[in-house]
Amino acid sequence: MHVGTTLQRTSSAAAPLWDQAFAVWAWRHAVGARPVHVAIEAPGSDGSDRTDGVDRTAGADKAGTADIPVAAHPSARRPHLLGAEGGSVIDLGEIAAEGRTVDLADPSTPAWLWVEGATAGSGGTGSGATGTGVRWWVDEQVELPRVSAVVPTFRREDDATAQARAFAAMPFVARVLVIDQGGTLADHAPFTRLLEAQERASAELPDSPARIELLEQPNLGGSGGYARGMLASLEDPAQAVFLSDDDALISEESLRRLLTFQALAEAPTILGTGLLDAGSPVDAPTLLNEAEHVERSTFFWRSADGMHGPLDLAGTTPADWDALLPRTAADYSGWWGTLLPPGAVGTLGLPAPFFLKWDDAEYGLRASAHGYSTMVLPGASVTHPSWDAYRTQMSWSARILHRNRLATAAAHRAGRGVLADSLAHQLKHVLSGLHLTARLWDEGARAALAGPDAWLGTDLRSARADGQAVVDAWRVRQRSRTEGLEPTRTSPFSLPAGALRALARVLSPARAPRSVLEIPASTVSWRTVLGADAVIITSAQGERIDSFAIDGHDDRSLLMRVLRTHVRLALRWGSLRRRYARALPRWTTAGTWREILDHAERAEQAGSTSTEERRDDSADASQEGGR
């Protein structure tokens, strides 16, 4: 029997290697010079300790009987400890019955470690003996804090119910704060049954570990939902706060790993989660996103590691994961799954009132300025549907994304490089014919140009409608222009041909489309539509979901509009930086957010909620609930 604090546990060697691998390069930031032990657990040995010894009332990690070594079969090869460094797999030898000790502070310790057994099933996934598990731990015992899980939701009743049920079953979760911004959960039968079952359990067991709380408010977007939950969390500042999308599923083990890392780390650390594609196989997941940072020269988010797109983990080992090693320090984590340490909300404040997008990045930048570290811990992940880049760039949310980007850049004293980057992207949008994206970005830039007093904290209830008005006007015009269009090609032009056609169109008078490109929404970008005179966009099932036509007159008109906006931004950038830097701290306090929420409630009661805000649009609702 080993006491101590478990860092990482896999209950079965059949688990995907992504869950089993021990990221030495990440854990050493928390473990420091402490020796780390690894041992093989007997089948079922963790059954009585599935929470890794977290005391259900005090949150202490007591280990108990969690580590029972596996007796070696006379004919079986002992499990081996493997390492990965520089793209190579290194066999570090057998793991004895009593386990092994590794020194994370030793520079020669490989970046990744994992255990491989000798029985069937240890091939491409790197799994060991079927039915056995692996435990990594340090001798020091630390107390893990309880957690308040914050889950904003907008008309995704089944997702919110499943998420609340999952969090409530985790013994270290004290509160599940479900922020309903669509007014539907209170009448959703599965959710009400969940609350009723909770009440019955509370009557029988007053010290039950978690309580689901339903908080209702008008739709104030992701930032409004998270702000409401973070306000409620201030009632017990000793609790950690986990910010979650309603459709981002995290395992109990992943959340426990985050809590353990945070408790061991010397510096206050915000921990994020990797993003696994919910549509990929469980035993061979696809990693969509890991660590991120804000590029200061352009003020746009970039990978903090070497990932430049989804990483298919099927059939790989950590020797193939060099792209996950950090290239620069992460300075924020996506709020699809982020753990804030106890006291962070009281110190750092609440989100910027951005409705959605950039509130997580701005919060991370603010945290860095206060001495907090940010890390995304490999192996602690959420599963989430993959992002639809087309819907993001060609929907109302694109206006908010660009406005918030420029406002955040100004508040954090970015140089004019952000404007140059914005203009470069806008030129691509215009020349490629993605005019709706260009118009939405331009409207966002003009909102930022108007200054914080014009919108910051006061437009949460109208932000979506403002962007939707741009989309509706554009689609009304396109409907008559694209009626009866039939595709003439289904593959993009080459880059030289597309660029020449786009430049020729800018110089040409308006004319009927000649080249009509049909393309799936998942592949739409400035590059793939460059050179087409009209575009028909289809779903994964081949159904037409959108279409638009482009002509030279539109190109020239929009190009001049974009140039004028950016000239004005450049001329006023110094003043905008000062104004946003002064305004943002005022709008992120608990007191100001209480005023925002009270005002929204009064307006709701007065019946002033717009029809647009109340529309049940499931496609857009997924963006409003969180990220």
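Biologist: In which sense do strand β3 (residues 36-41) and strand β8 (residues 133-138) pair, and over how many bridges?

Modeller: Strands β3 and β8 pair in the antiparallel sense, over five bridges. This is a predicted model: local features need pLDDT of at least 70, side-chain atom pairs count only at pLDDT 80 or more, and totals for chains, interfaces and linings use all residues. Numbering starts from 1 along each chain as its sequence is written, and side-chain values use heavy atoms, without hydrogens or water.

Two strands pair if DSSP finds at least two bridges between them. Strands (E, at least two residues) and helices (H or I, at least four) are DSSP runs, numbered from the N terminus.

The pair belongs to an open sheet of four strands, in the order β1-β8-β3-β6, with antiparallel pairing. Its edges are β1 (5-10) and β6 (100-102), each pairing on one side only. Neighbouring strands are turned by 25° against each other on average, direction ignored. Helix α6 (residues 252-264) lies across β1 and β8, at about 155° to β1. Angles run from 0 to 180 degrees between N-to-C directions, with axes fitted to C-alpha atoms, for helices over the stretch in contact. Contact means heavy atoms within 4.5 Å.

Now the charged pairs. The structure holds 23 salt bridges, each a side-chain nitrogen of Lys or Arg within 4 Å of a carboxyl oxygen of Asp or Glu. One of them joins D247 and R156, with the closest N and O atoms 2.7 Å apart. D247 sits in the loop between β12 (240-244) and β13 (249-250). R156 sits in the loop between β9 (147-153) and α3 (157-168), 91 residues apart from D247. D247 is buried at 11% relative accessibility, and R156 is buried at 15%. Buried means under 20% relative accessible area, exposed over 50%, partly exposed in between (1.4 Å probe, protein chains only).

Another salt bridge links D459 and R403, at 2.6 Å between the closest N and O atoms. D459 lies in the loop between α12 (435-449) and α13 (463-482) and R403 in helix α10 (residues 397-411), so the pair ties together parts 56 residues apart in sequence. Both D459 and R403 are buried.

D442 and R561 also meet in a salt bridge (2.6 Å, N to O). D442 is in helix α12 and R561 in helix α16, so this pair ties together parts 119 residues apart in sequence. D442 is buried at 0% relative accessibility. Salt bridges that share partners also join R156, D159, D246 and D247 into one network.
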